[in-house]
Amino acid sequence: MASEKYKPEWTPKDAGSEFAGRVMPGVSGASEGGGGHTARRRPPRARRLSLDDYEEGVLRGDRVILARAITLVESNNPGHFNDAQELIQRILPHTGRAIRVGITGIPGAGKSTFIEALGCYLTEEEKKVAVLAVDPSSTISGGSILGDKTRMEKLARDPRAFIRPSPSGGTLGGVTRKSRETMLLCEAAGYDVILVETVGVGQSETTVRSMVDFFLLLVVTGAGDDLQGIKKGVIELSDAILVNKADGDNKRRALATKADYNQILHYLRPATEGWTPKAYTCSSLTGEGIEEMWRVIADFREQVTASGFFQRRRNGQTLEWVDSMADEYIHSRITQNPDISACRETIRKQVLQGDMTATRAAEALIDAMEKHLFSAGRRENAGEE
Ligand SMILES: Nc1nc2c(ncn2[C@@H]2O[C@H](COP(=O)(O)OP(=O)(O)OP(=O)(O)O)[C@@H](O)[C@H]2O)c(=O)[nH]1
Ligand SMILES: [Mg+2]
């Protein structure tokens, strides 16, 4: 086979047969780089699931199907949206039985370590625990939970636990909708406790507060008397403050910090009607104080359920969610409509030039929206008939 024809093109002009190439015919059935018996097999493609499969799998508590159902809910593909909504509708009667706990705190306060400690305590008590992360600023999915999964190593291996990273933003309702619907799926799958860790900065505290029953602020002893940049507003959202890392030399200081926070809480309006928030200490490393914290959450549930506020808050949260999605939808329809945008620009200029009052401008904008949005709506409806 060694011949001129097979010589590589960089072969020196006067070279002999040592530069000849050989071309081997392929062997059918073998894969690249090996004989038939070592052929690499592709993992089988996941079978497409029907809505019945999803529903039945989630209700059975199948973790693989639960994960796929969450992926469906998180999809930004408009084709998946209706299926996801149909699935949520079907599982809705099986939701609402879990206690939903939000956990916030500055980066490094020990949220993930605390969740690991509390989660493991609960699974030992034979409870099923789902851990979700919510990062409203996330544009790519799966960001920090990769790091968190190593911090929640024991919990991640526990068959009674389910850990899911923050979804990314995107279509209607964004991260909030996806996280809430994920929570519903986990409840339908039989999880008794949902722990939601706030990730990132900005609006995550209020977003998480609006989807949980109990909101826990994790703090650590700071250098000096400062409040570690924790906004008063976040303290006001909290049902308890937990001074973490109360271990070793730090324990004494943690107790002092707890007393400081109790003082502050004394002057603030409680976040939950009929419940007095207090400060506690714990060590997520040694486990001291973890059980006490769970007792507090269980007492909260009992007390606030008895007063009727537990369900009232949930109802309020759901209705606010509906309104905010509708607002967001209208807003995006307006900003994406080129006719309205053009009109808006003109009106804004006129206001700044003093040619139009602010109130007249608002009226003119509303007229433009009604004209363009609602006449477009009528055209769509007419087209469907
Ligand atoms: N001594 C001590 N260290 C702790 C405790 N809890 C957490 N840590 C340590 O504090 C560091 C930060 O903990 P994380 O659990 O990652 O904190 P986080 O609040 O989840 O941090 P972000 O997710 O980055 O916001 C880690 O090195 C933990 O080992 C504790 O109770 N005691
Ligand atoms: Mg964390």
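Student: How many bridges join strand E1 to E4, and how do the two run?

Tutor: Good place to start! In general, strands of a sheet pair through backbone hydrogen bonds, either parallel or antiparallel. In this predicted model, strand E1 (residues 99-104) and E4 run parallel, joined by 5 bridges. You can find one spot where they face each other: Gly102 stands opposite Val196 in E4.

Student: And how many bridges join strand E2 to E4?

Tutor: There are 6 bridges between E4 and strand E2 (residues 129-134), and these strands run parallel too. Look for Ala133, whose bridge partner in E4 is Glu197.

Student: In what order do the strands of the open sheet come?

Tutor: The 7 strands follow the order E3-E2-E4-E1-E5-E6-E7, with parallel pairing. Strand E3 (161-164) and strand E7 (278-281) are at the edges; each has a single partner strand, so one side of each is left without a neighbour in the sheet. On average, neighbouring strands here are turned by 20 degrees against each other, direction ignored.

Student: Which strands does helix H10 lie across?

Tutor: Helix H10 (residues 251-267) lies across strand E5 (214-219), strand E6 (240-243) and E7, and it runs at about 170 degrees to E7.

Student: Back to E4, then: is the strand mostly covered or uncovered?

Tutor: Mostly covered: 6 of the 6 residues in E4 (residues 193-198) are buried.

Student: Which residues have the most contacts inside the largest nonpolar core?

Tutor: The general idea is that in soluble globular proteins, nonpolar side chains tend to be buried together. Here the largest nonpolar core has 68 residues, and those with the most contacts inside it are Ala69, Val131, Leu185, Ile194, Leu195 and Val196. Take Leu185 as an example: leaving out residues up to four places away in sequence, Leu185 touches Val58, Leu66, Ala69, Ile70, Val73 and Ile91.

Student: Which residues come nearest to ligand 1?

Tutor: To read a ligand site, list its neighbours and then sort them by class. Of the 16 residues around ligand 1, the nearest are Pro107, Gly110, Lys111, Ser112 and Thr113. The shell has 3 nonpolar, 9 polar and 4 charged residues. Helix H4 (residues 111-124) supplies the largest share of that shell, 3 residues.

Key: Residues numbered from 1 in each chain as written. Chains lettered and ligands numbered in written order. Predicted model: local features only at pLDDT ≥ 70, side-chain atom pairs only at ≥ 80, totals over all residues. Buried ≥ 20, exposed ≤ 12 C-beta atoms within 10 Å, placed from the backbone. Helix = DSSP H or I, 4+ residues; strand = E, 2+ residues; numbered from the N terminus. Pairing = 2+ DSSP bridges. Near = placed C-beta within 6 Å. Nonpolar A, V, L, I, M, F, W, Y, C, P; charged D, E, K, R; others polar. Core = buried A, V, L, I, M, F, W, Y, C linked by C-beta atoms within 7 Å. Contact = placed C-beta atoms within 7 Å. Axes fitted to C-alpha atoms, helices over the stretch in contact; angles between N-to-C directions.
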